[in-house]
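Here is a short briefing on one structure. Look it over first, then read the points by topic.

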Amino acid sequence: MSCPPFDLRDYFFKELPNPRQREVEAHVKSCQVCREELDRLQLTEAALFSLRDEEIPQRIAFVSDKVFEPSPWRRGWAAFWGSSARLGFASAAMLSVALLVSPLVSQLVRPAPVGHVSGVPKASSVVAHVSDADIQTRIDNAVAKAIAEVDARQTRKVAQLVADLRNERTKMLVAAAEYDWSQKRANGLRISASAYQMPRIGAGEVK
Amino acid sequence: MIFRAVEDTDLIRQATRGGVESYNLLVSRWEKRVYNYLLRITANREDALDLTQDVFLKAYQNLRKLDDATRFAPWLYRIAHNEAYSMFRKRRPETDVAELEPEATGNKITLGGSSVFPIELSLAVASALNRLSPDQREAVVLKIYQGFKFEEMAEILSCPVSTIKSRLYTALELLKIELAPVNARGMS
């Protein structure tokens with residue numbers, strides 16, 4: 001095969017470290033057997049290169065292609081709810097408004113007390129008490145809940161998107177198969193048409 | 001060597017940060033190579049195309065897991081290899097993967113007859129490659145046609161360099177014998 005301790009094939013594939021590569025190169029120049037072996041390897045490689053690379057029949061879909069895009073409704077939905085921070089802020093703002101408005105509304109709806117009852121705090125002091133401690137906790141809870149909901153929604157949306165993609169891919173495969181079949185049929189018809197010869201009516205031909 | 005205004009490693013970094021266009025550029029750079037690798041190990045255009053699509057989608061989903069951007073090529077081919085063998089297993093689950101042959105679907109690879117190489121040589125090469133075992137064939141494809149180093153091939157195929165060399169050199173011996181008469185006629 002090759003002179004020990006060299007592996008001519010490692011040399012051929014340029015897999016030897018540089019000093020060893022030069023060593024083998026020098027050896028090959030003076031060794032007829034190794035030179036012939038190297039020629040055979042080169043011929044084999046050249047023969048293998050007769051199989052050329054094919055062009056890809058259609059370009060690979062980009063991740064930004066329409067096929068990977070969600071529907072406009074989903075895009076709008078995602079744009080609105082896509083950000084957890086935005087959702088958290090919106091939820092907190094709504095909760096704050098609700099907390100501020102609800103005592104006032106309840107005060108308007110309830111009939112005013114007939115007599116003064118000692119020990120019952122005024123409405124303004126209730127609002128002040130709630131806004132200090134409870135509001136922050138409620139906001140935190142609401143934000144955490146909203147974020148959890150958004151995460152769950154995002155997971156569901158991703159699952160739906162993957163399912164949609166699979167459906168699209170199946171449709172594309174079916175369409176490609178149909179196209180391939182029609183191409184084959186057209187080729188078959190073309191071959192039959194070319195094989196068919198019109199009867200010739202020549203002067204010397206027996207009718 | 002082809003000069004590239006933007007290196008793959010830069011594109012990978014940008015794609016990891018959400019740069020979809022960078023990833024698209026990566027796809028356009030690599031799709032032909034990956035497709036031809038898959039075509040040579042599956043011998044079926046439709047399968048190769050579907051697998052190529054799956055490979056790039058999977059690579060995009062897992063791009064953040066690629067620790068070293070300079071190892072993108074072996075990492076990508078590892079995904080391609082896994083996808084192909086996963087398909088083989090699904091189709092014939094009872095067969096040992098080492099015994100799996102490419103699908104004989106009648107949709108064979110086009111032979112590259114050209115002004116440089118006669119069609120007879122291409123036929124002989126295709127036939128000789130088909131006679132190799134799938135492991136040997138894949139080693140030849142990765143080394144000769146895709147130009148990977150042994151170390152990278154070991155990463156792609158998840159086996160030691162010694163195994164890779166053994167498969168490749170056995171395959172080369174067989175190919176040398178198979179192609180010697182054609183070489184003597186056509187290329188000398």
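Helices (H or I, at least four residues) and strands (E, at least two) are DSSP runs, numbered from the N terminus. This is a predicted model: local features need pLDDT of at least 70, side-chain atom pairs count only at pLDDT 80 or more, and totals for chains, interfaces and linings use all residues. Residues are numbered from 1 along each chain as its sequence is written, chains are lettered from A and ligands numbered from 1 in the order in which they are written, and side-chain values use heavy atoms, with hydrogens and water left out.

**Chain A**

- From the N terminus, the elements of chain A run α-α-α-α-α-α-α.
- That comes to seven helices and zero strands.
- Of the 207 residues in chain A, 20% are buried (under 20% relative accessible area; exposed is over 50%, partly exposed in between; 1.4 Å probe, protein chains only).
- Contact means heavy atoms within 4.5 Å. Among contacts in chain A with a separation of 6 or more, 58% join residues 24 or more positions apart.

**Nonpolar core**

- A nonpolar core is a set of buried Ala, Val, Leu, Ile, Met, Phe, Trp, Tyr and Cys residues joined through side-chain atoms within 4.5 Å.
- The largest one has 80 residues. Those with the most contacts inside it include Tyr23(B), Phe72(B), Val125(B) and Tyr145(B).
- Helix α4 (residues 72-91) of chain B gives the most to this core, with eleven residues.
- Val125(B) touches Ala47(A), Leu48(A), Ser50(A) and Leu51(A), plus Tyr145(B) and Leu179(B), not counting residues up to four places away in sequence.

**Packing of α2(B) and α6(B)**

- Helix α2 (residues 20-42) and helix α6 (residues 134-145) of chain B pack at about 155°, with axes 10 Å apart. Axes are lines fitted to C-alpha atoms, for helices over the stretch in contact; angles run from 0 to 180 degrees between N-to-C directions.
- α2(B) and α6(B) are therefore roughly antiparallel (over 145 degrees; under 35 is roughly parallel, 65 to 115 roughly perpendicular, the rest oblique).
- Tyr37(B), Arg40(B) and Ile41(B) of α2(B) meet Arg137(B), Glu138(B), Val141(B), Leu142(B) and Tyr145(B) of α6(B).

**Positive phi**

- Most residues other than glycine have a negative phi.
- Ala43(B) has a positive phi, near 55°. Ala43(B) counts as buried because its relative accessibility is 8%.
- Ser158(B) also has a positive phi, of about 55°. Ser158(B) sits in the loop between α7 (150-157) and α8 (161-186) of chain B. At 52% relative accessibility, Ser158(B) counts as exposed.
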